[in-house]
Amino acid sequence: MKTTRSLSLLLGMLLALPASAGQTYFNSNGGQLNVGWQDREGQPQQLSYRLEAGKLPPLIAYRPARMQEEVLQTLLQQAALEFPEVQFSLARPSLALSLKSRNADKAREASLWVKPEQARLEAEWLKQHYFQPFTPPDGAPAIKQDHVRIALESRAELAPLAEQLKQEGATETEARQKTVAHMLDFIQAIPYQLLDSQSGRSGKGFLSPRQVLEQNRGDCDSKVTLMAALLAQGYPDLKQAMVFVPGHALLGVALPAKPGEATLSRAGETYLLMEPTGPAQLPMGQLAPTSKTLVDSGQLSVQPVQDEGK
């Protein structure tokens, strides 16, 4: 099996930034989440909300050995049904698969069946556990969380919060700009924490949108996914893109940009870039120096936030 490195996206390795955002309080009481923070204008803000029931299953860490073991066990079960005349065996600890049969034609047929079937099962395993193959800027094959799918499948449970974060404006565009700015303040104020779990149960380097809100912590890809989910719920027609640079993640939103603001053009769409990670209270269109350097040099991968197949 081709070895593919895990991309937990190290996310959050940027240098400390000035002008930290900060919560004034956070508490959870019987599913009711209460949070206060100061926006970038220094004005106090507060929210109380309860999330809807979630449909997202528990997320796990990507461990190549676990995937290989589970895929090969499934492969052996299917092989026994497909080729009863062929004996398959799995050597340990190498997990090398071998086969033998008195029927040379069946052995040859089984041998040709194994590789594509194993590849199919691996793809199925990744999808089941919300992972996807990914090519980062350095070009080396990797596996990462399927951030876009997780964001889109988290939309409905975030509906109460998305509605509270909405702002009014003289025009629809102004309302969206104000909402995105308000949402950015809210997410930047969530305490930043570089995630790293070796248990394989909580998802190394990532929390789902619901987990970020309930645990009141997150790193950059977790916070970017949260903001993408909230915007997808509040404005389903507003185009977004997740932008991955080495060691970090950003969000692009299709809103008008002012002169000097950071943007990114892809596939005929121009996205206004932003840094949901915090703790720096960077406004829409302003990137951390490291992020700007990486974006300007083209060291990035872009994923539109849209349903699969669209």
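A helix axis here is a line fitted to C-alpha atoms over the stretch in contact, and the angle between two axes runs from 0 to 180 degrees between their N-to-C directions. With that in hand, let's look at some close-ups of this predicted model.

**View 1. Helices H1 and H2 cross at roughly 130°.** Helix H1 covers residues 64-82 and helix H2 residues 104-128, and their axes come within 9 Å. The two helices are therefore oblique to each other. The crossing of H1 past H2 is right-handed.

View 2. Sorted by kind, the contact residues are 10 nonpolar, three polar and six charged.

**View 3. Tyr62 and Phe131 form an edge-to-face aromatic pair.** Six aromatic pairs are found in the whole structure. In this one, the ring centres are 5.5 Å apart, with 65° between the planes. Tyr62 sits in the loop between strand E4 and H1 and Phe131 in strand E7, so the pair ties together parts that are 69 residues apart in sequence. Both Tyr62 and Phe131 are buried. Ring pairs also link these two with Trp125 into a cluster.

**View 4. Phe83 and Trp113 form an edge-to-face pair.** Here the centres lie 5.3 Å apart and the planes make an angle of 65°. Phe83 belongs to the loop between H1 and strand E5, while Trp113 is in helix H2, so this pair joins parts 30 residues apart in sequence. Phe83 is buried, and so is Trp113.

Conventions: Residues are numbered from 1 along each chain as its sequence is written. This is a predicted model: local features need pLDDT of at least 70, side-chain atom pairs count only at pLDDT 80 or more; totals for chains, interfaces and linings use all residues. Side-chain values use heavy atoms; hydrogens and water are left out. Helices (H or I, at least four residues) and strands (E, at least two) are DSSP runs, numbered from the N terminus. Angles under 35 degrees count as roughly parallel, over 145 as roughly antiparallel, 65 to 115 as roughly perpendicular and the rest as oblique. A crossing is left-handed if the near helix is turned anticlockwise from the far one by less than a right angle, and right-handed if clockwise. Ala, Val, Leu, Ile, Met, Phe, Trp, Tyr, Cys and Pro count as nonpolar, Asp, Glu, Lys and Arg as charged, and the others, Gly among them, as polar. Rings of Phe, Tyr and Trp (its six-membered ring) pair if their centres lie within 6.5 Å; planes under 30 degrees apart count as stacked, over 60 as edge-to-face and the rest as tilted. Buried means under 20% relative accessible area, exposed over 50%, partly exposed in between (1.4 Å probe, protein chains only).
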